[in-house]
Amino acid sequence: MTTSTVQGSPVKALIVEDTPVHAFILSTILRKFHCEITVAENGNEAVQLFLEGKKFDIIFCDKEMPVMPGPEAIEKIRALGESHVKIVGVSAGYDLEQSFMSAGADIFLPKPMKFDVVGPIIQEVMNKKNNSMV
Amino acid sequence: MAAVALKNQLNAHIASMFAAGFLDKQFQELQILQDDGSSPGFVSEVVGLFIDDAEKITGLIAGLLDQPVVDFDKVDALVHQLKGSSASVGAQRVKLSCEQFHSYYEAKNRDGCVMALALLRNEFYDSRSKFQTMFQLEQQIEACS
């Protein structure tokens, strides 16, 4: 899949990541798919965005972060009634998948992330978003 | 002609970094992201972030190991963070050094951690030097264009 096949209104993506390297790489990948990107440096910042009424189509969430770890933030976001947002847990350990999925994530991606894995996920979110607007 | 020679030099340098284990295939993922033309300077920028991050983290670890009572959980978290960022840029030797660190902080072994940090720093400084040579060559190529 190439970035030129992605059409429709931009996907609103939230990156929850405290490590600048990871946030920058993921932002660069998502920009290629014309996503609108917001970055939160920890789980608490991410939850605050939803409490402020912000809406996102997809969240990429790291696990280990200061203030509030990823799975806890995901639980709180789902508890706010945000059942439609696609949540992708991202971490360096394969054995961490369960903690993300138990918290309410939809997908787990291991780090380091591969570029060609993100595209189909964004396309699926975009298709769902555009179909719901019809 | 000068640009061609410099490009050959750059390619040889990067190949030697792969051959010596400084880089792994994750670095090629970064190059792919840059090569489609929409993110010029992406590789140098993300490696620059990694270098800044690594310098900060190794300094923090040194500070923790210098305390009368070592907080090994914090050491663990910092090494984990550095391992993650080094893996994401393909800095293989740094990543492997972080993995070797693991047994020492699991055993709450301060002296072992101090030694592991010294090894980690050596690998990081060598990697940083190689990256800096890479970026100098890229700048010279750009200057010729």
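Helix α2 of chain A covers residues 43-51, and A:L51 belongs to that helix. The model is a predicted one, and in it A:L51 is exposed because its relative accessible area, 51%, is over the 50% cut-off. A:R31 lies 20 residues from A:L51 in sequence, and the C-alpha atoms of the two are 25 Å apart in space.

A:N130 is part of helix α5, which runs over residues 115-133. Along the chain, 121 residues separate A:N130 from A:S9, yet the distance between their C-alpha atoms is 7.4 Å. The relative accessible area of A:N130 is 22%, so A:N130 counts as partly exposed, the class that lies between the 20% and 50% limits.

The next position carries an annotation. In an unreviewed entry, UniProt lists A:D62 under "modified residue: 4-aspartylphosphate". In the model, A:D62 sits in strand β3 of chain A, a strand made of residues 58-62. Is A:D62 buried or exposed? Its relative accessibility is 7%, and A:D62 is therefore classed as buried, the limit being under 20%.

From here the account turns to the two chains together. Contact between them involves 15 residues of chain A and 20 residues of chain B. The buried area between chain A and chain B comes to about 1600 Å², with 71% of that contributed by carbon and sulfur atoms. On the chain A side, the residues that lose the most area to chain B are A:V21, A:F24 and A:K32, and together these account for 34% of what that side buries.

How many salt bridges does the rule find across the interface of chain A and chain B? The number is 0. For polar contacts across this interface, the rule finds 5 residue pairs, with both residues at pLDDT 80 or more.

Note on methods
Residues numbered from 1 in each chain as written. Chains lettered and ligands numbered in written order. Predicted model: local features only at pLDDT ≥ 70, side-chain atom pairs only at ≥ 80, totals over all residues. Heavy atoms only, no water. Contact = heavy atoms within 4.5 Å. Buried area = accessible area lost by both parts, 1.4 Å probe. Salt bridge = Lys/Arg side-chain N within 4 Å of Asp/Glu carboxyl O. Polar contact = N/O pair within 3.5 Å; in protein donor to acceptor, adjacent residues only side chain to side chain. UniProt positions renumbered as here; feature names shortened; annotations may be inferred. Helix = DSSP H or I, 4+ residues; strand = E, 2+ residues; numbered from the N terminus. Buried < 20%, exposed > 50% of the residue type's maximum accessible area, 1.4 Å probe, protein only.
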